[in-house]
Amino acid sequence: MTSTPIRWAQALVQRPSLTPDDHGCIDLIASWLAPYGFVCESFDCEEVSNAYFTRKRGQAAHCVFAGHTDVVATGPLEQWRFPPFSGELAEGFLWGRGAADMKSSIAAFCHAATTTLDRTPELPLDLGLLITSDEEGPALHGTRHVIEQLRARDEKMDYCIVGEPSSDHTLGDLIRNGRRGSLNIALDIHGTQGHVAYPQLADNPVHAIAPLLALWAQRVWDAPHPAFPQTSFQISNIHAGTGQDNVIPGSISLRANFRFSPSSSEESLLAQLHQDLAQAGLRYTLKHRLSGAPFVTPAGQLTQISSEAIHAELGITPTLSTGGGTSDGRFIATLCPQVVEIGPRNATIHQLDERVELDDIEALSRLYSRILLGLSQI
């Protein structure tokens, strides 16, 4: 028979909850948690569904699980081995969009919470789940919004487990205890359009920016940080020209991203860009958007208990890591002092044929339960 955490994960995958459509996932989660005394508060904003489930008994500590029900687009349906929202169970995997990112984690934590409460009805730990449908999208009206509301009413969080697919080669090999900041750049270089045969009458912005692009691609932007990968700069989009072979473009537009450690800041990176552009004598327009600041949870109670639980359940010793992309942990860390990300392998996330091992769903539920029991004994 299919186990409960697998059935719950399958039920979530079968709901086509493309950002920002929760597609009833939160209602499904509520049906699992309500019998155990969890109260659901809605923090919906714009088109985004947000729910904050809590079971509070006035205990000394409050542990929150954070997750998202929204998923990215499927891509070409005909290229999937199984329909992406069928939740097919085959060859030891749960197949479908969102299976790894991150509906299996939600199901595993819900099962862990309920089974832990079955065994320990008076668990000396307040529990919560923060669920959003806007993690894969702009992330403006999801977890960010909920955290702002909770902060306004002085809500307390002591520990948070984010169910992102944090594992690399095997379940539990990494605990993400922080993330780099993300700074998006929109840069337009202004030149003068002209005929390619008369370059002296034009100002080619492509030629003008080329030396800086080479400089930025090779630059070491800041000092190494002991807990973070080196700050990186990557160009994601670039466009110039009219489509004509004989026209010098009048402008070039590029989009880029910094993933930065605490050795840098939004202000320091922007200042360096402006300095470089000014020294090159370029006419430009620069806009930016900060997706999130870097954060880190130092080795402590939550990382230790999580590591011990992984070793006891899975027989491996995890590595603390701040690599990878951003997550909603960046918002939660502004309210909660200890945040980690623990979830399934990330090998197939956002890909065709996304899938997660069935054994890992069950193991993840047991792992979350061990962490809850460990935190309850502090």
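This is a short tour of a protein model, with something to select at each stop.

Before you start, note that the model is predicted, that local features need pLDDT of at least 70 and side-chain atom pairs pLDDT 80 or more, while totals for chains, interfaces and linings use all residues. Residues are numbered from 1 along each chain as its sequence is written, and side-chain values use heavy atoms, with hydrogens and water left out.

**Stop 1: the enclosed space**

Select Ala-66, Gly-67, His-68, Leu-130, Thr-132, Glu-135, Thr-143, Val-162, Glu-164 and Asp-328, which line the largest cavity. On a 1 Å grid over the protein atoms alone, a cavity is a set of points where a 1.4 Å probe fits but cannot get out, and lining residues have an atom within 4 Å of a point. The whole structure has one cavity of 30 Å³ or more, and the largest cavity holds about 40 Å³ of space. Such a volume is the space filled by probe spheres set on the grid points, which are joined across faces, edges and corners.

Now color strand 3 (62–68) and strand 6 (126–132), each of which supplies at least two residues of this lining. Strand 3 contributes the most, with three residues. Strands here are DSSP runs of E with at least two residues, helices are runs of H or I with at least four, and both are numbered from the N terminus.

**Stop 2: the open space**

Next, find the largest pocket, with a volume of about 450 Å³. A pocket is an open set of points with protein on both sides within 12 Å along at least five of seven lines. It has 26 lining residues, and those closest to its centre are Glu-135, Glu-136, Gly-325, Thr-326 and Arg-330. To see the elements that give two or more residues to the lining, show strand 10 (181–190), strand 14 (251–260) and strand 15 (283–292).

What classes of residue make up the lining of the largest pocket? There are four nonpolar, eleven polar and eleven charged residues. Asp, Glu, Lys and Arg count as charged, Ala, Val, Leu, Ile, Met, Phe, Trp, Tyr, Cys and Pro as nonpolar, and the others, Gly among them, as polar.

**Stop 3: the rings**

The structure holds ten aromatic pairs. Rings of Phe, Tyr and Trp (its six-membered ring) pair if their centres lie within 6.5 Å; planes under 30 degrees apart are stacked, over 60 edge-to-face, and the rest tilted. Select Phe-65 and Tyr-368, an edge-to-face pair at 5.8 Å centre to centre, with 65° between the planes. This pair links distant parts of the chain, since Phe-65 is in strand 3 and Tyr-368 is in helix 9 (residues 358–376), 303 residues apart.

Buried means under 20% relative accessible area, exposed over 50%, and partly exposed in between (1.4 Å probe, protein chains only).

A charge sits over a ring if NZ of Lys or CZ of Arg is within 6 Å of the ring centre and within 35 degrees of the ring normal. Arg-355 lies over the face of Phe-93 in this way, at 5.5 Å from the ring centre. Phe-93 is partly exposed, with 22% relative accessible area.

**Stop 4: backbone details**

Go to Thr-19 and Pro-20, where the peptide bond is cis, with omega near 0°. Pro-20 is in the loop between helix 1 (4–13) and helix 2 (25–33). Another cis peptide bond joins Asp-101 and Met-102, with omega about -5°, and Met-102 is in helix 3 (residues 99–119).

Then pick Glu-91, which has a positive phi of about 60° although it is not a glycine. Glu-91 sits in the loop between strand 4 (89–90) and strand 5 (93–95) and is exposed, at 52% relative accessibility. Asp-353 also has a positive phi of about 60° without being a glycine, but Asp-353 is buried, at 18%.
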